[in-house]
Amino acid sequence: MYLFSKKIKCLNCNQNFRGVNERGKRKYICSGYHNYRSCVRWKVEEEWLLELIHNHFIIDMYKDIGIIGGRGSSKDNKDTVVAEELIDRIESIRVSPVYEELTIYFKDGTKTFMSKNRQTYWTDE
Ligand SMILES: [Zn+2]
């Protein structure tokens with residue numbers, strides 16, 4: 001099952017991204033490229049998205065309970081939050097295969113950005 005298949009949209013051609021399995025790894029690619037070779041080939045790994053979303057909500061969670069910067073056990077929290085629950089909070093994911101970057105928009109109005117080769121990313125409030 002591809003968790004994000006209905007959420008990811010291509011900024012280049014406006015088509016949805018579709019899931020592909022590559023050596024056991026779930027990835028997403030523009031269906032414009034996949035079906036017609038009419039877009040740019042860039043694959044987004046599901047792992048990246050899950051990591052970005054986890055980080056986004058872990059930061060949020062700590063802000064909420066006021067222990068950000070403390071010695072909280074982030075790993076325990078991270079493991080108890082199930083993927084489906086997190087994905088439910090996503091409004092959409094916009095991907096630019098041309099610039100190799102993506103932005104995740106959440107239903108609460110916040111967003112997370114990831115640049116080319118995952119060199120930088122940020123989360124806003
Ligand atoms: Zn496209």
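**Exercise 1. State what share of the 125 residues of the protein counts as buried.**

Solution. The model is predicted. A residue is classed as buried if 20 or more other C-beta atoms lie within 10 Å of its own. By this criterion, 20% of the 125 residues are buried.

**Exercise 2. Determine how many helices and strands the protein has, and in which order the elements run.**

Solution. The protein contains four helices and eight strands. Read from the N terminus, the order of the elements is β-β-β-α-β-α-α-α-β-β-β-β.

**Exercise 3. Describe the hairpin of β2 and β3.**

Solution. Begin with the pairing: strand β2 (residues 17–22) and strand β3 (residues 25–30) run antiparallel and are joined by six bridges. Next, locate a pair of residues: opposite R18 stands I29 of β3. Finally, consider the turn: two residues lie between the strands, and R23 adopts a positive phi near 45°.

**Exercise 4. Characterise the pairing of β5 with β6.**

Solution. In general, strands of a sheet pair through backbone hydrogen bonds, in a parallel or an antiparallel manner. Here, β5 (residues 90–96) and β6 (residues 101–106) pair in the antiparallel sense, over six bridges. One of the residues involved is S96, whose bridge partner in β6 is E101.

Definitions and conventions:
Residues are numbered from 1 along each chain as its sequence is written. This is a predicted model: local features need pLDDT of at least 70, side-chain atom pairs count only at pLDDT 80 or more; totals for chains, interfaces and linings use all residues. Two strands pair if DSSP finds at least two bridges between them. A residue is buried if 20 or more other C-beta atoms lie within 10 Å of its own, exposed if 12 or fewer, and partly exposed in between; C-beta atoms are placed from the backbone.
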